[in-house]
Amino acid sequence: MPKRTDIKRILIIGSGPIVIGQAAEFDYSGTQGAKALTEEGYEVILVNSNPATIMTDPDNAYKTYIEPLTKDFVEKIIEKERPDSILPTLGGQTALNLTLELFDAGVIQKYGLNILGANIDAIKKAEDREYFKKSMEKIGVPVLQGGFARNMDEAYEVQKTIGFPVIIRPSFTLGGSGGGIAYNIYEFGEIAANGLNLSPISEILIEKSAIGFKEVELEVMTDKNKNTIIICSIENLDPMGIHTGDSITIAPVQTLSDGDLQKIRDYSIKIMSEIGVETGGSNIQFALDPNSDDVFVIEMNPRVSRSSSLASKATGFAIAKIAAKLAVGYTLDEITNDITKKTLACFEPSIDYVVTKIPRFTFEKFPQTDSTLTTHMKSVGEVMAIGRTFVESLQKAARSLENGYYGIESLYGLDLSYDLINEKQDIETVREEIKSFIKNNDFRRLFLIADALRAGFSAKEINEFSKIDMWFLAQIESIIEHERKLFFAEEPLKNIDLIKESKEMGFSNRIIAKLIARKKDGKHILPEEYLKKDPQAVSIIEETENAVYGALKDAGIKRVFKKVDTCAAEFEAATPYMYSSFDKFNEVEPIDNEKVVILGSGPNRIGQGIEFDYCCVHCSLALKEKKISSIMLNCNPETVSTDYDTSSRLYFEPLTFEDAEAVCDAENNPPVILQFGGQTPLKLAKKFDSQGIKILGTPYKYIDIAEDREKFKNIINKLNLLQPESSMAFSGEEIFDKAISIGFPVLLRPSYVLGGRAMEVIYGEEGLSEYIKKIFKQDISFPILIDKFLEDAIEIDVDALSDGESVYIAGIMEHIEEAGVHSGDSACSLPSFSLDNKSIEKIKDITETICREFYVNGLINIQFAVKNEKIYIIEVNPRASRTVPFIGKATGVQIAKLATRIMLGEKLKSFNLGRSFDINYYCVKEAVFPFSKFSNVDPMLGPEMRSTGEVMGIDSSFGMAYAKSQIAAGQNLPLAGNVLISVKDEDKKYLKELGISLTEAGLNILATKGTSEYLEGIGIKNLKINKVKEGRPHIIDALKNKEISMIINTPRGQKSLEDSYVIRRSAIEFSLPYYTTIRGAEAACMAIKALKENNIAVKALQDYYKGI
Amino acid sequence: MDNSFKKERAVLMFENGDFYEGLFEGKPLESGGEAVFNTAMNGYQELVTDPSYNGQVVVMTYPMIGNYGINEFDFESGKVWISGLVTKNYVNHYSHYSAVKSLSEFINSYGYPVISGIDTRQLTIAIRDGGQSNLYIAPKEAGVDYIKNKLSSLPRMEGLNLVSNVSCKKAYENKTDFPEFRVTVIDYGVKLNTVRCLNDIKADVTVVPHNFSKKEILNTEPDGILLSNGPGDPQTMSEEVETIKGLLGEKPIFGICLGHQLLSKSLGFKTYKLKFGHHGINQPVKNLKSGKVEITSQNHGFCVDFQCKSADKNTVLTHINLNDNTVEGIKNEKLKAFSVQYHPESSPGPRDSLYLFLEFKAICLG
């Protein structure tokens, strides 16, 4: 049966901003789905609030809406576009929940929408844990003992019947948020209350914990004829108790017999049928007792998920694309397998390699929070690697993480001291510490397990306290055993078999070098020398690494490239998807026409997210449009760039120099593009340059200048431009001296970091000492950069395009928050909403001057601060920036594509763009934060970036655009009610204006003592409210009584921070809109006013562009 | 993992002289047979004990083999039937609650080698593109000439009758509790799970040797006859085909794999050798009647040609392979006979096709 002809217009709901638990994988699925349905001739109406997505590129849909993903906005879109169907299964939990909400509000029924993929009943059955449990009991699939609770009394009741430990899972939450494991009644009370609070229907499931059971997932697809296939089986290395998103996972399963596997396969098919998933992909999780044949189903997601994205990348099977086709009526046996082009999609992929996924955490940005892993997800990204064996795959994945290691290196330096272990007096302490970290599910567990083995624990002992299967531990043990061989080898470079074996096991040259390197006295590098990055030790390791490289080259040992073909070579495949292995047979021939290698951006992390993947994808598309083969190199399975049909060829490889160079070598060294993948590829620029590989775009020399403070300063001075006074310090004392000579406030940060790690504004000597202590404690390396901090300056971000001669100012974005808040965390408006024309013209002039001076070829991003009509240059980045996709969506000008064409030699003038872009509407980008996922973290904004994603609001006025951005980011602006204000002394001068704005917006003001008195003094009506310490009723009482609708709190300095922390944290716990800057609060007033004066309206990007 | 002993070097050679070096896992044994690759990612215990693999050296496309060891219940017969197992990365330190020994220990104990360190994807491509070939495994020091000699003396699978090797010598019974009907299985190399599946649907089973006569078979008083799977070239089994011809119409007949080929021959169809056969557990088969697709377990090198003019006109095509459109199932309603090329009893592999046993039961009881 071919596709349905009774439907014409399909609404696809995206997943919104990147948050923990819902990342770029839904851009991948939405993009595939939208493309597939458009190809089939349907009119796709797409809505997503996230501008940094490929799916929201206007080419991918008939109409694209960047609007908040709420019932009201989506209803407006439905009213306007009148789609006849809605596809809710590609946009994660957000899209499913929103569809349910639209159904419950009668919108789906009112407009007669067909729900494709999964019907309401199926969604409810799968998502509502009580329904699910009943359904499972009906078909005889075992579930864990437990029960549901809708309040605390019921919760304690259920807990009593099953004992401890118990797992608490809130219904309908994302990434298991609000869930956890309780070992005692105290923990239970806390987690259960939080879970009830976070569940939109106030329901939690309390289950007997299956901690230590094996956790396995199956990715299942079904069509309307009930043909059901298993795309991939995935085994978690971490047993039950750690969220699968935070687990190291392996595909296919390793430790199950065929009998075990067929049992869960049979269960899965039964479950699909009982739940009533009509078509598409689902993910079903099982727990297996490692000591018996007991199996329990844990949960299912009746939609495309993070795991299905991983399964898709692991097997080459295009799950999302096929799910979209199944949703419109095709059956699996009517769809061709895109990879083989010869066989059909109706089969179960067989793979002949091992896939390892390792999550990427960013706890360094949230030092206050608990960094142990539990049932709610905490990772912000992931890497995937492919190898021919588990150890090769695991070691490749480990070095893909970009956490500063080149493999599974020791956290304690133990890999450099095997012979010292027993002499070391404190080895017992180290052993105990490692053991306790592993037991408590520390997020570094892979590295800790390796260290436990190095420190003499046996695999069996580790199995006892980690519950990780012996199979995995024995494999990791083989890595450590080999490490020892390398470490103790005499003249290892002459033992080429040993080096070859190392490479086959996935060791990087760097690790081999680290292990075999000897100092002049013939002794090994000491752990201290390595951990402290002793320059002499580093240079010895670098020399040895070159020697390893040379020895391999001399012996003719080279990696080979193999194909991901879905069928284990049973059929010849025209696949463009490759990976490397130190195996024997190379089956990949270099592409034989003009080609360019694009280096991707690696794992998503705070500071380097989906925006850079967007740029890489655009680069690839531009190359293909120019008939040049694009070769993508990346290791992030959650992205569009690692989709098999985005580029002419995909190499799924780590982004280290060794791995990247090998790909270039295999392709006969075509030119490379490093400009789009953020800091990851840029870090390799120097090495590529020195190897004589052609780098397209801005010359390396200028990239270097922009990164080098001194050289940069000289150029700025030469051009007679302004820069905040700055200096550099190489020691603690120097920080002190130089900061004082520049004058407070100062901005401190280490050099060469992205996302502003360890960046802080310091207002006085006390803060300075704290900062110095911190950098020593966190082992942050010098030099530390010191800048004069321009208080109350307006920060401006400019993205421009240049060929070194002409310049196109693609966007001048005014930050809402003042300078000092990281640009990635600040909301910004395009066009500027408060800057005068003179300043804007000046900024344009300066941008042009800098572009020419830096011979910019492609994109450049410049950050300015404007204070007292003076324009300071903060930073110049001659590369694609985080705001490129935002500008693309706001203006419709695809600057990443144009930049690619410039790099290929086209002249900017030939694009006829003019000098800059002017639009008659406003676009506001707002950052989205993970604070609700991390307890104990202060949600105030600062110079260190902490947002995970972004949304965009677009409307004819700034107020409405900002309002939309806030709503999209989950800040439910109140139209009435009480606003709590508490501000620092420096901000009191702004209170008059803010107070008037709030009153005009129809809000009542509640203020804490100091603020209240000040407001009284200037004649602004307000009610005083007690701080917690000042007696009851206090702020928290008011919050609990829902008497507060919004919070404005601006803290300064460490002390005040602690006082007002409770207030800010409450905003998170009570899901209230909050502002920690005056400018943010003022913008919120404008937004509230706009919301009161206007009806909400929606407009497609395509319609905005028509008006330009 | 035991690294204390050094693994011995192995050589593996094809008929065209191409050879590959690997390592022996366990004992350095030599052996040869037809090279086949199998794309199943697990299920090796069932696979190596499946009599249909008699005379074949199996190359596993999944690189890590041995992971969960050998247990006491996943046997498909009483011994190892493969002539050798070729892996990329053999895992000695297995882990599974039910494991009792390692895979290499098990295979070695029947005198066959297990080798590792082979780029099995390379071998798979060689088999896929080069087509049918024999393969010989020997210690490296045996020398090229020795191996070539051995290779030349290996029989070709085409024209090879292996059924007498694998079939039982005497009839035996497998009873079930509360039986509802009786099935006699003609053993051309039957897998234990076929018998288990019949027992599961309440059949008392009698397994008889491949060379039992029509009379001897009918003497077992079956309600239906199952023609089992097995190794070798169906072309060589004219006696068995004649027996089946005699049974047609007498009792309902259900054929599996080799049994399917023999039933087809008895209905006048011919068989031919596929280039590299179907060996795996992910083969999509379409049931032409229901339109549904089954993911099936398969292991065969020969195939039925449905285009034969001389064949019985009442026989219809019921199942096809979606990868290459080859014949996967036939049915003759008048004669109450049907058969499938794949393995509904799975083991290893998906259990999508168990319904066929129920259909057989319905015919037997109807």
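1. Let's start with how two helices of chain A cross. In this predicted model, the axes of H12(A) (residues 390-400) and H16(A) (470-488) come within 10 Å and cross at roughly 75 degrees. Axes here are lines fitted to C-alpha atoms over the stretch in contact, with angles running from 0 to 180 degrees between N-to-C directions. So H12(A) is roughly perpendicular to H16(A), a label for angles of 65 to 115 degrees. Helices are DSSP runs (H or I, at least four residues), numbered from the N terminus.

2. Who meets whom? A:Phe390, A:Val391 and A:Gln395 of H12(A) meet A:Gln475, A:Ser478 and A:Ile479 of H16(A). Residues are in contact if their C-beta atoms, placed from the backbone, lie within 7 Å.

3. Now H16(A) by itself: its 19 residues reach 26 Å from first C-alpha to last, close to the 27 Å expected. The expected span is 1.5 Å times one less than the number of residues.

4. Finally, the partner chain. The contact takes 46 residues from chain A and 41 from chain B. On the chain A side, H9 (258-275) and H16 each supply at least two residues.

5. Reading tips: residues are numbered from 1 along each chain as its sequence is written, and chains are lettered from A and ligands numbered from 1 in the order written. Local features need pLDDT of at least 70 and side-chain atom pairs 80 or more, while totals for chains, interfaces and linings use all residues.

Technical notes: Contact = placed C-beta atoms within 7 Å. Parallel < 35°, antiparallel > 145°, perpendicular 65-115°, else oblique.
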